[in-house]
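The following exercises are to be worked with the sequence and the 3D structure at hand. Each task is followed by a solution in steps.

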Amino acid sequence: MLGRKEKLLLGFVVAMAFMLVGLFAFARPASNPEPSAQITDQTQIGRIGEGYFNFEIASTLESRIRGLSGRPSLPETDALLFVFDEPSVNHCIVMRDMNFNIDILWFDENRTLVHEVKNAPPDTPPEEVYCPDKPAQYVVEIAAGVADKNRIKLGDTFEAQL
């Protein structure tokens, strides 16, 4: 049988447990969630050259405008895939609010690599824009150096379910 002190201690522990549960149950999400949770419409595993990637797919205007802006880095196994409705030489990339260098790959409607920019730096002037010299329907952004590491070259295709 519990004595008075033990009952008080047990009551205190139970009260603290209820307070903690209440705090977690009603806690608000952080006002600035991870950027990756906000920028993409879906994720798909795929391949380019010798590399396999977790493609985050950006197919809405909002997700394409945001791109990789604000992220601190990008793992070598991750890629952002921009999906456009039709091929164009106007599917350009701006390095606004970027924090790291990237390789930018443009693919035509057949998913063939038609243009690339390697090691694009984040500190480019706002008016600097990277555009393909041939019509492209898909753009892939990966961490700088990953294209060479995975032997990605013009003429390669990307494979992913869209």
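**Exercise 1. Determine where confidence is lowest and highest in the protein chain.**

Solution. The score is pLDDT, the predictor's confidence in each residue, from 0 to 100; helices (H or I, at least four residues) and strands (E, at least two) are DSSP runs, numbered from the N terminus. The model is predicted, so local features need pLDDT of at least 70 and side-chain atom pairs count only at pLDDT 80 or more, while totals for chains, interfaces and linings use all residues. Residues are numbered from 1 along each chain as its sequence is written, and side-chain values use heavy atoms, with hydrogens and water left out.

Next, take the chain as a whole: the average pLDDT is 80, and 75% of the residues score at least 70. Finally, residues 8-40 stay under 50, and the model has 21 contacts (heavy atoms within 4.5 Å) for them beyond four places in sequence. Where pLDDT is low, the predicted coordinates should not be read in detail.

**Exercise 2. State the strand order of the open sheet and identify its edge strands.**

Solution. The 7 strands follow the order β6-β5-β8-β3-β2-β1-β9, with mixed pairing. Two strands pair if DSSP finds at least two bridges between them. The edges are β6 (113-120) and β9 (158-159), each of which pairs on one side only.

Within the sheet, β1 (residues 42-48) and β2 (residues 51-58) run antiparallel and are joined by 7 bridges; Arg-47 stands opposite Tyr-52 in β2. Strands β5 and β6 are also antiparallel, over 5 bridges, and Trp-106 faces His-115 in β6. Their hairpin has 5 residues between the strands, and Arg-111 there takes a positive phi near 70 degrees.

**Exercise 3. Describe the surroundings of Asp-103.**

Solution. First, locate the residue: Asp-103 belongs to strand β5.

Third, a polar atom of the Asp-103 side chain lies 3.0 Å from the backbone nitrogen of Gly-145. Residues touched by Asp-103 include Val-117, Asn-119, Ile-142 and Gly-145.

Note on methods. Buried < 20%, exposed > 50% of the residue type's maximum accessible area, 1.4 Å probe, protein only. Lys, Arg positive; Asp, Glu negative; His and termini not counted. Salt bridge = Lys/Arg side-chain N within 4 Å of Asp/Glu carboxyl O. Polar contact = N/O pair within 3.5 Å; in protein donor to acceptor, adjacent residues only side chain to side chain.
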